[in-house]
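Here are my notes for your review. Please read them alongside the model.

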Amino acid sequence: MSMNFEPTSEAEAADIIRQAAAHAVPLAITGGGTRSGLGNSVRAERGLSTRRLSGILSYNPAEMTMSARAGTPMREIEAALAGNRQMLAFEPMDHRGVMGTSGEPTIGGVFAANVSGPRRITAGAARDHLLGIRFINGSGEAIKSGGRVMKNVTGLDLVKLLCGSHGTLGLLTEVTFKVLPLPPAAATIVAFGLDDAQAAAAMAHALAMPVEVSGAAHLTESVRYRFVGTSHPEGAATVLRLEGLPASVAVRAEKLKAAFAQVAPATVLDHEATEKLWRDIRDVKPYADGTQKPLWRVSVAPTAGHQLVAALRLQTGVDAFYDWQGGLVWLRMEADAESEMLRRFIKGIGGGHATLVRASDAVRAATPAFEPEPAPVAALSVRLKEKFDPKGIFNPGKMG
Amino acid sequence: MPETIAFLEPKPSVLARRQQIVEDLADILPPGCLISEKRGLVPFETDAFIAYRQVPLAVALPETTAQVAAVLKYCSRYGIPVVPRGAGTSLSGGAIPQSDAVVIGLSKMSRILDVDFANRTATVQAGVTNINISEAVSADGFFYAPDPSSQLACTIGGNIGMNSGGAHCLKYGVTTNNLLGVKMVLFDGTVIELGGKALDAPGYDLLGLVCGSEGQLGIVTEATVRLLAKPEGSRPVLFGFMSSEEAGSCVAEVIGSGIIPVAIEFMDKPAIGICEAFAQAGYPMDVEALLIVEVEGSEAEMEAMLASIIAIARRHGVATIRESQSAAQAALIWKGRKSAFGATGRIADYICMDGTVPLGQLSYVLKKTSEIIDSYGLRVANVFHAGDGNMHPLILYNINDPEDAARAEAAGNDILKLCVDAGGCLTGEHGVGIEKRDLMLHQFEQVDLNQQMAARAAFDPQWIMNPSKVFPLEGRPAA
């Protein structure tokens, strides 16, 4: 008998959960399993996967919404969207590269982990695009929250609470989300040779301009060749993406390039090169290296990211690059995970948080994957967990 | 007006201790921060949902987070209900007190604490008005995006409580999409901070849960919001149609085509007349329906986008197209729209509905709305955010005629049920408050509400925070 439950209907999933609750059997909740290494390891006897709860339920391109069962593969969602020249504007990362996993990421997994990519700085995170959910709580009850319209403040927003809860509050069975038109044109302005602090200032300046930058990343010298070729000037590459109508993108690219030209040699990448570059940034390509070197995802105020990295470089072996205008730092430690030092330094630069995305099993066992919360907030989280999962059967240990 | 919406029964134990409570609060708060005289309490008896009134036990107007915490700690110790209040502009009765409640008003906490242009954030006290934020950063080329029509008066704390929207949310999102962090006080006086200047926070998305929780999870005292760079230019254009159906289908095609203007606002003929009389904005008076479509960017960008929108509008039989000729006229166009509720209030009393429907259902819901209104022998003016399907029928009635008022309330309930049945929801941006509380079971099953109430109880196990609101009084967990 398989150790994994793979229900094919919401009712079947609810039955399994009711049984598990009655016998206090902990369940490891997964979708496609491509990012199940996120968070602390789960103490569970059985797996419960949404893999067979699959399929797009409704897609109305004119209303820009889609509903799908949680286990629907991302490639199915993306193919349907591409057929109508639409997209998930929050650009969810594919974790398979950095985590060394295989299989099919699911839409439920994307929302359960609130996975958001470079366009987060303007378009919002996964949680900003999730309009409605159905989920099974820890008592085996099917619950709905939200709906399928863009504006909805009817009752408490359990949609946001479940998004990013890593399967610890409920089993998502259906998700309804906003989709957006693919931009008809895109370009990237690349400035070469800026150091981290100069790049932070340049990105802040660009985002203060009325040009609607939709991606702002700084690719440090050690990683830039993994992103942009050797035919360009040397040094780190600071990249700014513009998207929109062709006329807009052309005009804005000129403005931005002119602004940059005062501080560094700059060039413009076309639409095709832009798509590839930002997919690589989204998926953290330089650290999709087949190793178990500790990989941290750090979220801080945009202008603080480079201060953190500078402080760490004095103390330990670390490689890093920046997305989200410098506020999202991808850190690869060369040896130890250094969680204590990292989290102390984050406090020192004004706060934020670090998530351990990848490490060896030994390191993971000794390192809290998520940033510990202040005591009163942690107490609230515990009370909430009890209200959704009174028997504590969903992904025990995963978030704390 | 018949009291058809019930409040919780006042707690006799609280009412009996009124004098003691007032004396204790006077000890907790600095001089000038407590109102307990009847004459002083009357201004707090209702909000913009004026059909219901309840004079509170006392009003606390704290000046600091520590004072908010001290009042809440005291109230939770004695089980005294608390009703948070910003500017009192709620259209759903979210800030209407109850006779055994202490109102905690944030109006004295109105300072902007930090503006950080490099990180594009502003940290403000909860009593800062919505417009104050944009005004404070405008000279440096930034703005705060959510723009409820009441933005001159409404506070950021109230906006967070209701997850407020506004005309320009079509492009920029509502409050929850523009909120990065809060400092808040829990029911027992515990002060917590959620989020900050980073774009996300660890753990459960408590910030997302708090935003729109209508003052039931705690009292927000400070907020960090996202600032955006102002566009190079913006221009509203008026599109007049000879039928609401044509206007509705034009909206659906504009959105479906992949063009997302900053705003698409809809007015029907009664609303056009009311707003034009107030603002003299140059709205065409000979059409049945009007769309205000705003585009932004450089001149060339606005021209390109408008050309596409005009081509679509022509396919839907547009009768009149008027571009604003100057910044002054653009301001008048928006003044007319944003004054719609106030201008309507000059000619009649009204209830403002707030249901949201899928875009494809706009024309159908408009038609059914007018049938419902006719069947009750009432009048309606429609003015709303068409781009995201957020409808605002204003049902006109006479507040001094109890039968008329009852008819208006019944018609409103029918319209909200219509919105839910069309695949939408009861409220897009105004909140449930007391107004829509008893309709919640039309949108949710009891089991859904039970889960929401369980989440609520994780924050406020005593149910003292704004307790008469949001959840139907029947079906609540036993105290």
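1. Start with strand S14 (residues 289-296) of chain B. Eight of its eight residues are buried, so S14(B) is largely enclosed by the rest of the structure. Buried means under 20% relative accessible area, exposed over 50%, and partly exposed in between (1.4 Å probe, protein chains only). Strands (E, at least two residues) and helices (H or I, at least four) are DSSP runs, numbered from the N terminus.

2. Provenance. This is a predicted model: local features need pLDDT of at least 70, side-chain atom pairs count only at pLDDT 80 or more, and totals for chains, interfaces and linings use all residues. Residues are numbered from 1 along each chain as its sequence is written, chains are lettered from A and ligands numbered from 1 in the order in which they are written, and side-chain values use heavy atoms, with hydrogens and water left out.

3. Both faces of S14(B). B:Ala289, B:Leu291, B:Val293 and B:Val295 point one way. B:Leu290, B:Ile292, B:Glu294 and B:Glu296 point the other way.

4. Neighbours of S14(B). Strand S12 (residues 234-241) of chain B pairs with S14(B) in the antiparallel sense, over eight bridges. Pairing requires that DSSP finds at least two bridges between two strands. B:Leu238 has B:Ile292 as its bridge partner. Strand S13 (residues 263-268) of chain B also runs antiparallel to S14(B), joined by six bridges. There, B:Met267 is bridged to B:Leu290.

5. Chain B overall. Chain B has 17 helices and 18 strands. Its radius of gyration is 22 Å, close to the 23 Å that the globule rule gives for 479 residues, so chain B is as compact as a globular protein of that length. The radius is taken over C-alpha atoms; the rule is 2.2 Å times the number of residues to the power 0.38. Of the 479 residues, 64% count as buried.

6. Helix packing in chain A. The axes of H8 (residues 196-207) and H12 (residues 305-313) of chain A come within 9 Å and cross at roughly 175 degrees. That makes H8(A) roughly antiparallel to H12(A), a label for angles over 145 degrees. Axes are lines fitted to C-alpha atoms, for helices over the stretch in contact, and angles run from 0 to 180 degrees between N-to-C directions.

7. A buried loop residue. A:Val284 lies in the loop between helix H11 (271-282) and strand S15 (295-300) of chain A. A:Val284 is buried, with a relative accessible area of 0%. A:Val284 and A:Trp330 are 46 residues apart in sequence, yet 7.7 Å apart in space, C-alpha to C-alpha.

Terms used
Angles under 35 degrees count as roughly parallel, over 145 as roughly antiparallel, 65 to 115 as roughly perpendicular and the rest as oblique.
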